[in-house]
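Please look through the structure below and follow the chain from its overall outline down to single residues.

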Amino acid sequence: MTDLTQLNVPGPIETPLTEPFWHAAAEGRLMIQHCGHCKSAVFYPRAICPQCWSDALEWQEASGRGRLKSFSEIWKPGHPGWIQVTPYLVGLVELEEGPTMLSHILADNNDVTVGDPLFFAPTQVGERVLPLFRKIKTERERPMSKTDGWAGVTNGKPVVGQAAERSRVTTMGDIQAFTDMTGDRNPVHYDEALAKKTAFGKLIVQGGVTTGILNACVAEDLPGPGTVFLNTNLNFKKAVGVGETITGRVEIATMREDKPICTLNVSVRDGAGDICVEGTATTFTMPLQGL
Ligand SMILES: [Zn+2]
């Protein structure tokens, strides 16, 4: 293979945004951005996350493991400085972390095929060290096979920022049903005269009746059938009376790729639009398709 150090080719154009990438590459390290909000890996360098629009992007060192997604043999380079090493390969490398990267591939055309595992190879090209890729030399360099943690999930993989709402009207039947389930016979749910003298000023439904609409939101809508709660952290801010319209809302805050697990921002509002319950939840969505 031709010595790339002898090339007289223009280097990359650095901007304040891309400087950390090129600086690390010059030191033989591959850095990509990670979103502190939705945990996505991000490349090329951006000011905001393309998944959730957060600006909480941090530079982290990548594993260097990737896979050849597509490639071309270049006979007619865009800059004459490259002519002496033609033909050479340029390919799309799918990084283990997820994003793809366009790179010079240190291999011959008949030596690689789409899907081949590749490893990061910082290489002197002219006066610069550039982030190229080569075939793997050890098993340690082989990328982990990508697993879709949401395979078989009824409603598919949710998206950060996606939201769902549903509404219903509370009834005395709700109170009785909850008492039948739990034995909770608190007088504030049954003794109207007494309840009117309390700070609530009215009969109220049990907290479980109010939050139950969140069970319906996650199980029916988002993430959908098969979903169970792993954790909830709820603040009860306003009691809900009988005959009131409540609206539950769930919004995907973060989503794991490797497992069907989400965190959600959740709330229940009353007919006046006041927040009655607010908090966060973590869910697991059981794959039901194909069972
Ligand atoms: Zn993000």
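Which residue in strand 11 is the bridge partner of Ser 167? The bridge partner is Thr 247. This is a predicted model, in which local features need pLDDT of at least 70 and side-chain atom pairs count only at pLDDT 80 or more, whereas totals for chains, interfaces and linings use all residues. Residues are numbered from 1 along each chain as its sequence is written.

The secondary structure of the protein chain comes to four helices and 13 strands, where helices (H or I, at least four residues) and strands (E, at least two) are DSSP runs numbered from the N terminus. An assignment, whose bounds come from an automatic or database source, divides the protein chain into domain 1 (4-141) and domain 2 (163-285), and the C-alpha centres of domain 1 and domain 2 lie 48 Å apart. The C-alpha trace of the protein chain spans about 95 × 45 × 30 Å along its principal axes. Its radius of gyration is 28 Å, while a compact globule of 291 residues would have one near 19 Å; the radius is taken over C-alpha atoms, and the globule rule is 2.2 Å times the number of residues to the power 0.38.

The pairing of Ser 167 with Thr 247 belongs to the seven bridges that join strand 9 to strand 11 (residues 245-255), two strands that run antiparallel.

The loop between helix 3 (192-197) and helix 4 holds Leu 203. Leu 203 counts as buried because it has 23 C-beta neighbours inside 10 Å; the cut-off for buried is 20 or more other C-beta atoms within 10 Å, with exposed at 12 or fewer, partly exposed in between, and C-beta atoms placed from the backbone. Leaving aside residues up to four places away in sequence, Leu 203 touches His 189, Glu 192, Ala 195, Gly 241 and Val 242, a contact being two C-beta atoms, placed from the backbone, within 7 Å.

A second open sheet has three strands in the order 2-1-3, again with antiparallel pairing. Strand 2 (41-42) and strand 3 (57-61) stand at the edges, each with a single partner strand, so one side of each is left without a neighbour in the sheet. Five bridges join strand 1 to strand 3, and Met 31 stands opposite Glu 61 in strand 3.

Strand 1 (31-35), together with strand 7 (117-125) and strand 8 (128-135), is also what the buried residues of helix 1 pack against. The buried residues of helix 1 (residues 19-26) are Phe 21, Trp 22 and Ala 25. Seen down the axis of helix 1, these residues fall within an arc of 90 degrees, so they line one face of the helix; the arc is that of the directions from the helix axis to the C-beta atoms. Helix 1 is followed by Gly 28, whose phi is positive, near 85 degrees.

Definitions and conventions: Pairing = 2+ DSSP bridges.
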